[in-house]
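Good morning, and thank you for coming.

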Amino acid sequence: MVVYHDEEWGVPVHDDRTLFEYLLLDSFQAGLSWAVILRKRPAFREAFADFDPVPIAEFGDVEVRELLENAGIVRNRQKILATISNAAAFLEVQREFGSFDRFIWQFVGGAPIRNRWRGLNDIPASTGASELMSRELKRRGFGFVGPTICYAFMQGAGLVNDHVVDCFRHPEIESLPVD
């Protein structure tokens, strides 16, 4: 958990496969702790084709059955089925926009939202931007992308800087160039 916080969480991501990975993991995290998901991340990577949406979009009954038997991941049928349909929707967004990155960063105007929270209790579970993102992703056929999941995705992928101001990562993230 500490390494993830210190090295990944909140760093702006523009690589489509990494964005898909974060979306997949955040969807599976719904109702669970992030620590559980991070512990299972290597198994998710192996089970879900190194987070490549192309083969995942083609998963059928055999792969679903295998995933439901895989103790290394979260074995939730609805989340597995949503991941497969999300992969197909992700590829469609890539075709339409040229990249998922171009599509997803529009929800924050192309640059990270730089919050200045004083304490953890100040950080919201969702925002207007995550609600808009959720509605648009659902409209495009994505599942398990409610406003709270979208906000967690935005935090992890660096669309927002939600490190509290007294966290050593806050100024480090703030000083990163805006791509």
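**Overall fold**

The chain has 10 helices and two strands; helices here are DSSP runs of H or I with at least four residues, strands are runs of E with at least two, and both are numbered from the N terminus. This is a predicted model, in which local features need pLDDT of at least 70 and side-chain atom pairs count only at pLDDT 80 or more, while totals for chains, interfaces and linings use all residues. Residues are numbered from 1 along each chain as its sequence is written, and side-chain values use heavy atoms, with hydrogens and water left out.

Along the sequence, the elements follow the pattern α-α-α-α-α-α-α-β-α-α-β-α. The radius of gyration of the chain is 16 Å, close to the 16 Å of the globule rule for 179 residues, so the chain is as compact as a globular protein of that length. That radius is taken over C-alpha atoms, and the rule is 2.2 Å times the number of residues to the power 0.38. The C-alpha trace spans about 50 × 35 × 25 Å along its principal axes.

Of the 179 residues, 47% count as buried; buried means under 20% relative accessible area, exposed means over 50%, and partly exposed lies in between, with a 1.4 Å probe and protein chains only. Among contacts (heavy atoms within 4.5 Å) between residues at least 6 apart in sequence, 70% join residues at least 24 apart.

**Two helix pairs**

Two packed helices are described by the angle between their axes and the distance between the axes. Axes are lines fitted to C-alpha atoms, for helices over the stretch in contact, and angles run from 0 to 180 degrees between N-to-C directions.

Let us begin with α2 (residues 16–29) and α3, which pack at about 130 degrees with their axes 10 Å apart. They are therefore oblique to each other; angles under 35 degrees count as roughly parallel, over 145 as roughly antiparallel, 65 to 115 as roughly perpendicular, and the rest as oblique. The residues in contact include Leu 24, Leu 25 and Phe 28 of α2 and Trp 34, Ile 37 and Phe 44 of α3. By class, this contact has seven nonpolar, one polar and four charged residues. Here Ala, Val, Leu, Ile, Met, Phe, Trp, Tyr, Cys and Pro count as nonpolar, Asp, Glu, Lys and Arg as charged, and the others, Gly among them, as polar.

At what angle do the axes of α8 and α9 cross? The axes of α8 (residues 128–139) and α9 (residues 147–156) cross at roughly 110 degrees and come within 8 Å. The two helices are therefore roughly perpendicular. Ala 129, Met 133 and Leu 137 are among the α8 residues that meet α9, where the partners include Tyr 151 and Phe 153.

Seven of the 10 residues of α9 are buried, so α9 is largely enclosed by the rest of the structure. Among them are Ile 149, Cys 150 and Met 154. The cover over the buried residues includes α1 (2–7), α2, α7 (100–104), α8 and β2 (160–161). After α9 comes Gly 158, with a positive phi near 75 degrees.

Most residues other than glycine have a negative phi. Ala 49, however, has a positive phi near 50 degrees, and this residue lies in the loop between α3 (34–47) and α4 (53–56). Phe 51 is in the loop between α3 and α4, and its phi is also positive, at about 60 degrees.
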